[in-house]
Structure formats: structure tokens, C-alpha cells
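Work through the exercises below with the sequence and the structure in view. Each task is followed by a solution in steps.

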Amino acid sequence: MKHFQSDFQAWGHAPRLIKAFSDEQGPVLERAFRYHHKTKVPAIVLLAKLFSKLPEGLRGASQLSILVIGAGSFPSYRAVLAALMHECPKLKSVEFVLVEPVEVLTQIFLKHFSKFKSSQFSINIKIDYREAQVFLQQEKQAQFDIVYFEHPEVMVLPILLAKIGWQRYQICRALRESLPAVLNVIKPTGWIVASCMSKHEMKQLQSLLYFSGHPRASLFSVSRLRHFLYGGPFTSGLCCPARPLDLSLEQNYQERALGIKKSDHHLCYAIMLSFIFYIIFCFHVGPGVRAISVFFMLAQLYLHCPGKKGTIIKIGLLLCQVALV
Ligand SMILES: C[S@@+](CC[C@H](N)C(=O)[O-])C[C@H]1O[C@@H](n2cnc3c(N)ncnc32)[C@H](O)[C@@H]1O
């Protein structure tokens, strides 16, 4: 724990850095530094807990290759290094492959954050500007020991924003659909690690991974740290073996991706119907029932998941809403 505390103290100078760099590079960098600083300690604690769940084979490895999907400026990079140093004492070299289509974010990482080094192991960093979906489909060899997601934008609101035509969120929708293809690039012994902003984000990732073929029973989740409010930076995470027991799923990942696409589509219809019910209620029922109706609409967002379970939940919530009259 001492190690983590000294790490935190080393970041006490972050506000000064923010000011210095914001003069030089503008608000994007300022945001990145502020975020980097904010996520520092929870990310180290969370990641150390998650990496401690890795099997002995990976924790005792001398080499690791780690794929970071949707890396952005990779603000938890330093925390990942600290967790690896703590949990993998025999490690001699690490290769990071960052998949991130927004180049300006990776420039921030390269210029400022990638300078952190480990005294324990050598680090090699590669950056790939393809979208995750393209990368995962084109790189068909099993090459990574760990696939790491850091605040993956797989939450539900971006799906709706993408569906109403918001261009910026189209890649987030694509990211959800690319998850089944993770099996293309991960070794049979590989694991998936994710640090998430909230329990909602983690649950979404968990349900997408489960739908993609990962056995639910093997998923671990680390609950958010008590002293951070819900939705704080990197308060939840998961760590699970990447290879499902049923290897035939590897062949039909496109079918799985289509399943995710369809269920996201169905969510939009469910929300639309729920909203129409609410409008109708506005003319026929009192404020109490209207409030419960809004609750059912929000539940559609919160409980959204792919597959049959998701369809049953959506229909069930709509029926409950209708039953209010
Ligand atoms: C919420 S941000 C997180 C960035 C960074 N990991 C962090 O925590 O600050 C999600 C990142 O995923 C990237 N992203 C979204 N959809 C993607 C996709 N389909 N393929 C690859 N990256 C994607 C975005 O460009 C963005 O940088």
C-alpha cells in the first residue's frame, strides 16, 4: 500500500502541470491531465485488485503482451504499470498495443504519459489507429495475453445518441458490436481486464462479454471503492478468462455482433414506446403514476442487455408500464 501512496504523492504536482501544459496545448491536454490526476489512486487500487485475480501462469510470466482497446490518452497507464510491478514480480518485458482511432488523444499519451518507465521491466508501445472492429477482424492471430479496457464507452446513452444520428457516437456503437471479435486476437490462456467509470459501465461490458461467449461464472467484479461516489473515475472493474469453454463460438462471432446490433436497435423501439405511453398517461393519470412510468422508462436504459434475457426485460417493463392504467 505504501507503494501506492508514494505514487499518489508523486502526482501532487499535477495542478501545476495542468496549468503549464494548458498554456501550451489548450483545453484537450488540460482535460487529459485533470482526468489523469483524478483517476490516479482509484485506478491503482482497482487495478492491483484486478491483476491479483489473474491466474498464476500470467502473474508468473516473464513477458506479457497487452492490447488496450479504446485507449484514448490512456490515463491509467501509470496505474497499470504500478499494478503489474506489484502483481507480476517475474515480469521482464511488456508490450502494449493501443487501439485508438482519435490520433490527438494518442499524441497526448505519447508526448506526456508514455514517458513513465518501470525499473523492473522493459516496455514496448505500439499504436494502431484502426477502429476496434476493423483491428479485431483483420488481426486474426491469437497474440495477446491480456485485453485491457479502460473506461470502455459501452454505456447505453451513446447507443441512443448514435441512433438519432450523432456522428461522434457511431464508433461507440461499433465498439459494442466488436466485442465478440476479441476472441480473434487473444491467446487461449488470455484474460480480459477492465477498469470502468461506474457499475453501469461494468455491467454493460459484462453482459456484452457474456453474450459474446464468455462464461458468466468466471467473471469477477470488484465493487466500487466506498469512498468514491457512484460514477467516480474507475470505481468498478472486471477480470475474466477470455476463452469460452465452447470453442465453436469463435466461428460465429459475426452472428453475435449482429445479435448485439439488433438488441441495441430494440432498445430504441422500447424507449420510444415507453415515451409514447408516458405522453398518453399525461392526459389520463395523476402525477404519481406518471412518475412511476418515468421510472420504467429509465429502467429500460439501466437494465438493457443483449439476447433473450434483454428482450424479456424490455417486454416485461413495457407491460408493467401499460398495467399502470
Ligand atoms: C470514454 S473514452 C476512454 C478513453 C480512455 N481510455 C480514458 O479512459 O480516458 C473511449 C475511447 O474509446 C475510443 N473508441 C470508441 N469507440 C471505438 C472503437 N469502435 N474502436 C476503437 N476505439 C474506440 C474513443 O475514441 C475514446 O478515446
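**Exercise 1.** Determine how far β1 is enclosed, and find its strand partners.

Solution. Step 1: count the buried residues, where buried means under 20% relative accessible area, exposed over 50% and partly exposed in between (1.4 Å probe, protein chains only). Six of the seven residues of β1 are buried, so this strand is largely enclosed by the rest of the structure. Helices (H or I, at least four residues) and strands (E, at least two) are DSSP runs, numbered from the N terminus.

The model is a predicted one: local features need pLDDT of at least 70, side-chain atom pairs count only at pLDDT 80 or more, and totals for chains, interfaces and linings use all residues. Residues are numbered from 1 along each chain as its sequence is written, and side-chain values use heavy atoms, with hydrogens and water left out.

Step 2: look for pairing, which requires that DSSP finds at least two bridges between two strands. β1 pairs with β2 in the parallel sense over seven bridges, and Val68 stands opposite Leu98 in β2. β1 and β4 also run parallel, joined by four bridges; here Ile66 stands opposite Ile146 in β4.

**Exercise 2.** State the handedness of the β-α-β unit made by β1, α5 and β2.

Solution. Point the strands away from the viewer and follow the path from the first strand over the helix to the second: if the path runs clockwise, the crossover is right-handed. The unit of β1, α5 and β2 is right-handed.

**Exercise 3.** Describe the largest nonpolar core and the surroundings of Phe96.

Solution. Step 1: a nonpolar core is a set of buried Ala, Val, Leu, Ile, Met, Phe, Trp, Tyr and Cys residues joined through side-chain atoms within 4.5 Å. The largest has 38 residues, of which Leu47, Leu84 and Phe96 touch the most other members.

Step 2: find the suppliers. Among the elements giving at least two residues each are α3 (27-51), β1 (63-69) and β2 (93-99). The largest share, seven residues, comes from α5.

Step 3: list contacts (heavy atoms within 4.5 Å). Leaving aside residues up to four places away in sequence, Phe96 touches several residues, including Ile66, Val68, Leu84 and Ile125.

**Exercise 4.** Which residues cover the two faces of β7, and which strands pair with β7?

Solution. Step 1: in a regular strand, side chains alternate between the two faces of the sheet. In β7, Ser236, Leu238 and Cys240 lie on one side and Gly237, Cys239 and Pro241 on the other, all buried.

Step 2: β5 and β7 run antiparallel with six bridges, and Ala194 has Leu238 as its bridge partner. Three bridges join β6 (residues 220-222) to β7, also antiparallel.
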